[in-house]
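Thanks for coming. I will take a few minutes to walk through one model, starting with a strand and its partners.

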Amino acid sequence: MLRRHVLAWAGAAPWLAGCGVAVTVADGPDAPSFEAPSHPFGLALVLAAGGPRGFAHVGVVRALAELDIRPDLIVGASVGALIGGAMAAGLPIERIEALAFDFDFYRLARWSPGSGLMMDGSRIAALVHESLGVRRFAELRVPLAVVATDQQALQPVVFNRGDLGWAVQASCAIPGRFAPVRVRGRDIVDADVASPLPVKAARALGARKVLAIDVAVHMDKPRPPGAERYLEGDRIKREQIDAEARLADLVLHPYFGYWVSLSREYRENTARAAYEQTIEKAALLRALTAA
């Protein structure tokens with residue numbers, strides 16, 4: 001089913017709604033696209049969407065490096081695509097941590113002319129190109145699939161060919177905050193809309209084993225004062241994630257509190273908590289890779 005959606009959107013007629021919004025137009029031979037893999041993969045690492053909560057992925061990546069667990073495929077959604085791209089490019093963990101902890105993410109904010117309050121996300125693509133040292137999926141050391149959402153169809157789309165920066169920018173284009181990326185005539189937005197934990201994509205790409213990293217809210221933990229008003233939204237997101245999480249062989253769900261921030265302290269604490277909780281699962285992780 002997913003593969004059908006992945007392939008069908010590419011030849012569809014352009015979506016004309018919201019034509020007054022100044023979007024990034026990704027067209028031409030380097031426009032992100034999908035190509036069916038020629039062979040299956042052993043272990044796929046799925047990195048979820050989650051905004052600032054995605055700093056947890058950095059701690060997981062460090063733990064996997066220390067445990068010498070190397071995925072054959074990385075599937076990233078939104079912030080997971082950004083960190084997954086760094087991992088797939090072969091950046092050492094120290095460099096990934098420096099990017100995550102030191103980068104001023106407010107530099108990504110630039111108003112998009114004609115788009116009201118939405119921001120132009122082109123600086124996300126530039127960040128990928130400059131910081132990862134690669135421009136195209138084909139230059140990566142580990143196969144990577146970036147998941148996003150077709151805004152018209154509200155279905156996930158998968159990119160694994162073409163310009164990596166454009167693909168990550170589209171996957172991070174939060175509706176109402178960042179302008180979409182128009183890929184081959186379709187408006188593409190944040191993966192979090194249709195597939196925040198894209199395990200189905202990993203399976204569709206031929207992964208025999210799937211390790212998924214869920215960074216969403218823990219529904220079984222006490223909620224801090226003021227969080228009650230987000231309860232229904234958290235429940236809906238939890239149901240959406242669980243529908244795909246059950247298809248994974250192992251899901252790690254680090255806990256690091258409820259509220260989020262872009263402060264360096266928050267980034268480091270979140271990554272540290274995820275690192276420690278991943279190391280605690282070393283036996284399960286080794287059993288997964290040995291199977």
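**Strand S4 and its surroundings**

Strand S4 (residues 144-150) and strand S5 (residues 155-159) run antiparallel, joined by 5 bridges. Before I go on, this is a predicted model, in which local features need pLDDT of at least 70, side-chain atom pairs count only at pLDDT 80 or more, and totals for chains, interfaces and linings use all residues. Residues are numbered from 1 along each chain as its sequence is written, and side-chain values use heavy atoms, with hydrogens and water left out.

Some terms. Helices (H or I, at least four residues) and strands (E, at least two) are DSSP runs, numbered from the N terminus. Two strands count as paired if DSSP finds at least two bridges between them.

Back to S4 and S5. Val146 has Phe159 in S5 as its bridge partner. The hairpin of these strands has 4 residues between them, and there Leu154 takes a positive phi near 55°.

S4 has other partners. With strand S3 (residues 73-77), S4 pairs in the parallel sense over 4 bridges, and Ile74 stands opposite Leu144 in S4. With strand S7 (residues 186-189), S4 runs antiparallel, over 2 bridges; here Thr149 stands opposite Val189 in S7.

How many residues of S4 are buried? The count is 7 of the 7, so S4 is largely enclosed by the rest of the structure. Buried here means under 20% relative accessible area, exposed over 50%, and partly exposed in between, with a 1.4 Å probe and protein chains only.

Next, the core. A nonpolar core is a set of buried Ala, Val, Leu, Ile, Met, Phe, Trp, Tyr and Cys residues joined through side-chain atoms within 4.5 Å. The largest one has 90 residues, and Val75, Leu164, Val168 and Leu211 have the most contacts inside it. Helix H3 (residues 79-88) gives the largest share of this core, 7 residues. Contact means heavy atoms within 4.5 Å. Not counting residues up to four places away in sequence, Leu211 touches residues including Leu43, Leu64, Leu250 and Leu288.

The buried residues of helix H4 (residues 93-102) are Ile93, Ile96, Glu97, Leu99, Ala100 and Phe101. They pack against helix H2 (56-66), H3, H5 and helix H9 (264-280).

In H5 (residues 122-132) we find Ala125, which is buried, with a relative accessible area of 4%. Leaving aside neighbours within four places in sequence, Ala125 is in contact with Gly165, Trp166 and Gln169. Ala125 and Val168 are 43 residues apart in sequence but 6.7 Å apart in space, C-alpha to C-alpha.
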